[in-house]
Amino acid sequence: MTTSTIPTTGLALSGVTLRFGDGDNTVVALDDVNLHVAAGELVAIVGPSGAGKSSLLAVAGGLTRPTTGVVTLAGIDVSALPNRALTRLRRERVGFVFQSGNLVPALTARDQLRLVPKITGRPGRDPDELLGAVGMSHRADRRPGQLSGGERQRVGIARALVSRPALLLVDEPTAALDRTRSHEVVELLARETHDAGVAGIMVTHDHDVLEHCDRTLEMVDGRLHARG
Ligand SMILES: Nc1ncnc2c1ncn2[C@@H]1O[C@H](COP(=O)(O)OP(=O)(O)OP(=O)(O)O)[C@@H](O)[C@H]1O
């Protein structure tokens, strides 16, 4: 990608390859992946186990450097950043939402969100406004153990949005939820992605919820395909 073709918003992967090992033991987890997720767009990634979906999230979020290719976020060449700058960018510009919500057990919902600016050192969005946006105002003083799976996911989504990220990476958010809660959580993700102008990628095995996403792509053997 030349400087002039790097999108200034959203996430872009260009010619991204990720290999593990070498020689006969080489595993190609990502194979020439090209992807642009616009700001305000939620893209779903489906595909069989071992296809490279987690690897894609790791490379997109700056957790893993690609073997080849370029990753840009809001026009910044992530793959060229030194380690400290990459850590800072990840903390400030990338929100992660995991299967279980990954909340701190001892903290109330409100305090989970309050913790974020303390970690980043930058003011974030107002915790109560965000809890309201995800329909959790009435649970603000509860700890994760006092919340349902769907409620924990809502808090996890709100927490991921506190730092006003440019990129939201979501891994199997409905794995522990029933059908109704799954729809509610992914509808919420889509709405917040659109409203906050975040580029969102959601990995899922749950084909039921794809209708809420703007696009679905399929990963097979490390390659991304439009879903036919
Ligand atoms: N650290 C590693 N070292 C070696 N191989 C790895 C490593 N991490 C992942 N792989 C391999 O890379 C390929 C892609 O793995 P990845 O975890 O991205 O798949 P996935 O689509 O997320 O799978 P699942 O749906 O089961 O979570 C697999 O063949 C996997 O075994």
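Among contacts in the protein chain between residues at least 6 apart in sequence, 72% link residues at least 24 apart; two residues count as in contact if their C-beta atoms, placed from the backbone, lie within 7 Å. Keep in mind that this is a predicted model, where local features need pLDDT of at least 70, side-chain atom pairs count only at pLDDT 80 or more, and totals for chains, interfaces and linings use all residues. Residues are numbered from 1 along each chain as its sequence is written.

Let's start with the overall build. The protein chain has six helices and 10 strands; helices (H or I, at least four residues) and strands (E, at least two) are DSSP runs, numbered from the N terminus. Its radius of gyration is 17 Å, close to the 17 Å that the globule rule gives for 228 residues, so the chain is as compact as a globular protein of that length. That radius is taken over C-alpha atoms, and the rule is 2.2 Å times the number of residues to the power 0.38. Of the 228 residues, 43% count as buried, where buried means that 20 or more other C-beta atoms, placed from the backbone, lie within 10 Å of the residue's own.

Now head for strand 3 (residues 42-46), where five of five residues are buried. Leu-42, Ala-44 and Val-46 point one way, while Val-43 and Ile-45 point the other way. In a regular strand the side chains alternate between the two faces of the sheet. Strand 3 pairs in the parallel sense with strand 8 (residues 199-203) over four bridges, and Val-43 sits opposite Ile-201 there. Four bridges also join strand 3 to strand 9 (residues 215-220), again running parallel, with Thr-216 as the bridge partner of Ala-44. For two strands to pair, DSSP has to find at least two bridges between them.

Elsewhere, four strands make an open sheet in the order 2-1-4-5, with antiparallel pairing. Strand 2 (27-37) and strand 5 (76-77) are at the edges with a single partner strand each, so one side of each has no neighbour in the sheet. Inside that order, five bridges tie strand 1 (residues 11-20) to strand 4 (residues 68-73), and Ser-14 faces Val-70 in strand 4.

What about the ligand? The residues around the ligand include Phe-20, Val-27, Gly-47 and Lys-53, each having its C-beta atom, placed from the backbone, within 6 Å of the ligand. Helix 1 gives the largest share of this shell, three residues, and strand 2 supplies at least two.

Over to the helices. Helix 3 (residues 109-120) has several buried residues, among them Leu-113 and Val-116, and its buried residues pack against helix 4 and helix 5 (149-161). Ala-133 lies in helix 4 (residues 127-133) and is buried, with 20 other C-beta atoms within 10 Å. Ala-133 and Ala-158 are 25 residues apart in sequence but 8.0 Å apart in space, C-alpha to C-alpha.

Ala-158 turns up again in the largest nonpolar core: of its 59 residues, Ile-45, Ala-60, Ala-158, Leu-167 and Leu-189 touch the most other members. Such a core is a set of buried Ala, Val, Leu, Ile, Met, Phe, Trp, Tyr and Cys residues joined through C-beta atoms within 7 Å. Leaving aside residues up to four places away in sequence, Leu-189 touches Leu-42, Ile-157, Val-170, Pro-173, Gly-200 and Met-202.

Methods. Buried ≥ 20, exposed ≤ 12 C-beta atoms within 10 Å, placed from the backbone.
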